[in-house]
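Please examine the sequence and the three-dimensional structure shown here before reading the explanation.

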Amino acid sequence: MRPIIDMEIEAPLSEAALRVQEIGKGRPGTPMGESLARPDGYGFANYGTVFGGGSTGSATKGFAPDALDRQFEAIVADMDRANIEYGFLCNMLNSEIGDIHRKHPGRFRMFALIDPMDGMRGVRELERLVREDGANGFRVTALSNGLPASDRRYYPLYAKCVELNVPVKIYSTMNYANDRPYDLGHPRHLDQVAIDFPELKIVAGLGGWPWVADMVGLLARHPNLYCDTSAHRPRYFAKPGAGWEMFMQFGNTRLQDKIMIGMSRYLFGCPFEELIEEYSQLPLKEKVLEKWFYHNAKRFFEGD
């Protein structure tokens with residue numbers, strides 16, 4: 001069985017993380033203290049309308065400490081069965097990064113989520129999280145705070161990532177939260193960041209859909225720009241009309257060293273093995289499939 005690095009595994013949510021997540025699903029930015037109630041199906045609730053039920057994972061439940069430990073043990077056991085060496089973990093709190101590393105050494109990569117509005121306080125906290133708690137990088141979520149990745153308020157954080165030699169993951173796809181611009185994650189925002197920080201290693205999360213042509217062009221343009229396939233079901237990548245034609249064509253040829261898989265098992269409610277098999281059935285050369293599954297992510301996180 002081939003080794004795998006998965007670029008999106010959902011952490012089972014602690015009770016504290018669930019509370020933070022629910023707060024984060026409100027209005028983008030900082031709402032007024034007495035903001036009016038919102039219509040049903042508006043904002044993040046529209047994901048339920050579009051996808052018919054949303055995540056089948058742990059996002060609707062917060063676990064107490066003992067139950068949380070058992071959930072993590074189950075995830076690691078599932079990873080072992082699927083030969084997943086390690087995975088990029090999302091949804092944990094910054095304050096939980098160090099504890100997860102201590103309990104499951106080497107099994108997860110975790111990026112700190114820092115508010116760019118916190119200025120130098122945020123920069124200092126990012127450095128502390130990397131140096132003391134083992135945070136592996138910085139994550140940009142324009143979907144939540146309404147600031148695209150090219151906003152200059154992120155720049156001190158990017159500069160600190162270069163100094164610390166850690167990468168950045170940037171949300172790069174269309175969003176369905178209909179209370180904010182649909183193109184906050186447009187790949188064009190990656191271009192300015194990569195121009196201004198050529199040493200910064202960037203992964204564009206979620207592959208840039210539906211702006212796949214832009215994503216393909218930028219991957220060819222910037223040496224330190226990669227992308228992952230998280231939040232997309234692999235069986236649809238090769239379907240005519242799904243919008244991934246250029247991604248598959250160039251991902252199998254000149255950009256074969258730039259793409260990493262994110263299985264996002266929690267979204268699809270199926271075992272790792274089922275998604276691995278779907279990737280294996282894509283019309284990719286065997287050597288390319290090995291790169292997508294493992295070697296590209298290994299190089300991204302650990303260098304040549």
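The following paragraphs treat selected side chains, backbone features, cysteines and a pocket in turn.

This is a predicted model, in which local features need pLDDT of at least 70 and side-chain atom pairs count only at pLDDT 80 or more, whereas totals for chains, interfaces and linings use all residues. Residues are numbered from 1 along each chain as its sequence is written, and side-chain values use heavy atoms, with hydrogens and water left out.

The side chain of R2 makes a polar contact of 2.4 Å with the side chain of E286 and another of 3.2 Å with the side chain of E290. A polar contact is a pair of N or O atoms within 3.5 Å; within protein, one must be able to donate a hydrogen and the other to accept it, and residues adjacent in sequence count only if both atoms are side-chain atoms. Leaving aside neighbours within four places in sequence, R2 is in contact (heavy atoms within 4.5 Å) with N83, S280, E286, L289, E290 and F293.

N83, one of these partners of R2, lies in the loop between α3 (65-81) and β2 (84-90). N83 is not a glycine, yet has a positive phi of about 60 degrees. With a relative accessible area of 30%, N83 is partly exposed.

S264 is located in the loop between β8 (259-260) and α11 (265-268), and a polar contact of 2.6 Å joins its side chain to that of E8. Not counting residues up to four places away in sequence, S264 touches D6, E8, S230 and A231. A231 belongs to the loop between β7 (225-228) and α10 (245-251) and has a positive phi of about 75 degrees, although A231 is not a glycine. Its relative accessible area is 26%, so A231 counts as partly exposed.

Another backbone feature is the cis peptide bond from W209 to P210, with omega near 5 degrees. P210 is placed in the loop between β6 (202-205) and α9 (212-221).

C90 is buried at 6% relative accessibility, and C161 is buried at 0%.

The last topic is the second largest pocket. This pocket is lined by 16 residues, of which N165, V166, P167, F300 and F301 lie nearest its centre. Two elements, α7 (155-164) and α13 (286-302), each give two or more residues to the lining. The largest share, 3 residues, comes from α13. On a 1 Å grid over the protein atoms alone, a pocket is an open set of points where a 1.4 Å probe fits, with protein on both sides within 12 Å along at least five of seven lines; lining residues have an atom within 4 Å of a point.

Methods
Buried means under 20% relative accessible area, exposed over 50%, partly exposed in between (1.4 Å probe, protein chains only). Helices (H or I, at least four residues) and strands (E, at least two) are DSSP runs, numbered from the N terminus.
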